[in-house]
Amino acid sequence: MKDQVDAMQASGVAATFLNSSLGAGGSRDRLRGLHNGEFRLLYVAPERLMLSGFLDDLKRWKVNLFAIDEAHCISEWGHDFRPEYRQIAQLREIFPNVPLMALTATATDRVRGDIVKHLGLRDPACFVASFNRPNLTYRVAGKSGAYGQVVEFLRARPNDGGIIYCQSRKSTEGLAQKLNEDGVRAVAYHAGMESADRSKSQEAFIRDEVRVVCATIAFGMGINKPNVRFVIHYDLPKNIESYYQETGRAGRDGLPSECLLLFSPGDAVKYGQFIDEKTDPNEQRIAREQLQQMVHYAECNGCRRVELLGYFSEDFTEENCGACDNCLSPRATFDGTLAAQKLLSCVFRVRERSGFGVGLNHIVEVLTGADTEKIRRWGHEQLSTYGIGKEHTRAEWSAIGRELIRLGLLAQTAEKFSTLQITDEGRAALKDRRKITLTRPVAAPEPKAHRVGEIACDEALFDRLRALRKRLADERGVPPYIVFSDVSLRQMARNYPASEADFARISGVGEKKLREFGATFLGEIAAHLETNARQIFADDSFSAPAAAPAPGRASLGDSARETLRRFKAGQEVERIARERDVVVNTVLGHLAECATVGEAIDLRRLLAVGDEQAIEEAFRKFGYGNLMGVFETLGQKHSTGLLRLVRAVKGAERKRAS
């Protein structure tokens, strides 16, 4: 909450929060301000929200909107179900006419349905943005000497900071201690620490006083640090939603960032033992299915972005994403026909003899000729497949078995004692002696150059500006990114602004930050150029990184086409929004999308005389990547949605002219 309120206040938005970290005096001051109408935004936890006295206050404050963040916590199918979130549904009864907005970054179709149901949303508009994070590179490395792998990774990136997620509290403390001993500033963070110690670790990280935080999943909810350059999973996450959310804490500023998962099948076995300790059979089944999906992702040989987005029902149609290990360095394959036939035959023979299925470990023991009590009890040493697989190790056979499951030739149950059975596809492959290509196990490829979001700049100047940002942030008692993001600093270190007009064109510079920081940063850039030559880059007209289009989307979506049809038929934007039951900004976004693909949008229908020219002049002054600078300099007269539309129309006009 504190991070987000700091960012809001720095941008000129009157925001505050109420939580247990505040003393009695601090809470009273904020409550007084709320009663006096001094704040536009209030951040509060569900537990406090539903207290009877607090609900009475909310009625007096005349709330216009309830926004529920991390809404997947409402659903038992969500990866972080929290019962206290279910209580929020009472808001519908207490405030029947106040709109509810639910937001989450990790909702599958099933979870979205659960959110709508439990919040009692009435005919809601459901907006699903792309799950694709094009600036993130996803890598999985075989776990072998994990600490050495981490140190090697960190030494290759001496100026980057990030998060290392561990499964246990003990691991976070041990890893942080060893990193500090090896010269890497690191802190631990887990739920077992005292609240003050957790806050100290978090503050040190967000203020760039340490490079690395070694944390359990307790760390990260609500963390808004935009320049996390990497996320390492030291241990296997328990499900894909957790993995996606945790990797999503890297690169929020749009700059290239890396996500590394250290994978060992042994981690899956350990987590399976934790699942066995659950008392609810349904919870066990769900957890095992989720774990199988996570292992599938870790061992897949195809594009990791396709796998990740596919889990959330999104298609990624590019042949090569250019930003995952399997696309950058495809793993070697081999003719696994004979090995697959042996394993499939063994599954068939075991079930044929015993009348029941067994797990993968038992199949591997039969293939490698193990002498175990179960093999003797069930007579499996008499099978024709007993001992025919000694050319592979047990670990290799296990990997082959898991790949046959991924290929759909074998099916594995999600019960406590999971068993294998041959699918129809597997039977056909066995009968037809079909060629089966298998993939070598995951290894650690060399990191490759990034494409999406990369901003070449004067790295020496960037480091100098970063030190200045840190000093200014410390003086104000805020995290460095509150002053300026890495995107802003890199643009300064690329374009070398020399005047206030130049500085105003930097992404993220509004009137307030221009007044407060402009002279200081301009002076630092000038001082750097006194002793260093100005560097020239291939394209010196940098603009803010554009958002990637949704993968696999046509040039215009059906919803945007419908908006365009109504607009061309003469309907006003407000009427379109009302009849389609969406907000005006959504309609403006559709029209901006239409302008981008070349559709003519008549701005005269939306702007008063002189406004179009004023907006265009403001964009020329502040740069087309600096939407907030234009918004502020025009006195917030026009909505950001309308400004985006004007920007899209003018951009299309410039493109046609060139």
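These questions and answers go through a predicted model of one protein, from its overall build to single residues.

Colleague: How many helices and strands are there in the protein?
Modeller: The protein has 658 residues, of which 48% count as buried. Its secondary structure is made up of 31 helices and 14 strands.

Colleague: Among contacts between residues at least 6 apart in sequence, what percentage join residues at least 24 apart?
Modeller: A contact here means heavy atoms within 4.5 Å. Of the contacts between residues at least 6 apart, the share that joins residues at least 24 apart is 71%.

Colleague: Which strands are the edge strands of the open sheet of six?
Modeller: The sheet has parallel pairing and the order 5-10-9-6-8-7. An edge strand pairs on one side only, and that applies to strand 5 (136–142) and strand 7 (186–189). From one strand to the next, the twist averages 15°. The edge strands, then, are strand 5 and strand 7.

Colleague: Which residue in strand 8 is the bridge partner of Val 187?
Modeller: Strand 7 pairs with strand 8 in the parallel sense, over four bridges. In strand 7, Val 187 and Tyr 189 point one way, Ala 186 and Ala 188 point the other way, and all are buried. Across the pairing, the partner of Val 187 is Val 213.

Colleague: Which residue of strand 8 stands opposite Tyr 165?
Modeller: Strand 6 (residues 162–165) and strand 8 (residues 212–215) are paired in the parallel sense over four bridges. Opposite Tyr 165 stands Ala 215.

Colleague: At what angle to strand 10 does helix 13 run?
Modeller: Helix 13 covers residues 281–299 and lies across strand 5 and strand 10 (257–263). Its angle to strand 10 is about 110°.

Colleague: How is helix 16 oriented to helix 19: roughly parallel or roughly perpendicular?
Modeller: The axes of helix 16 (residues 337–354) and helix 19 (residues 394–406) come within 10 Å and cross at roughly 85°. Residues that meet there include Leu 343 and Leu 344 from helix 16, and Trp 397 and Leu 404 from helix 19. Angles of 65 to 115 degrees count as roughly perpendicular, so helix 16 is to helix 19 roughly perpendicular.

Colleague: Is Arg 406 buried or exposed?
Modeller: Arg 406 is in helix 19. Leaving out residues up to four places away in sequence, Arg 406 touches His 296, Glu 299 and Cys 300. Buried means under 20% relative accessible area. The relative accessibility of Arg 406 is 19%, so Arg 406 counts as buried.

Colleague: What separates the C-alpha atoms of Arg 211 and Val 228?
Modeller: Arg 211 lies in the loop between helix 10 (195–206) and strand 8. At 14% relative accessibility, Arg 211 counts as buried. Beyond four places in sequence, its contacts include Leu 154, Asp 160, Val 184 and Phe 205. Val 228 is 17 residues from Arg 211 along the chain, and their C-alpha atoms are separated by 9.4 Å.

How values were computed: Residues numbered from 1 in each chain as written. Predicted model: local features only at pLDDT ≥ 70, side-chain atom pairs only at ≥ 80, totals over all residues. Heavy atoms only, no water. Pairing = 2+ DSSP bridges. Helix = DSSP H or I, 4+ residues; strand = E, 2+ residues; numbered from the N terminus. Axes fitted to C-alpha atoms, helices over the stretch in contact; angles between N-to-C directions. Buried < 20%, exposed > 50% of the residue type's maximum accessible area, 1.4 Å probe, protein only. Parallel < 35°, antiparallel > 145°, perpendicular 65-115°, else oblique.
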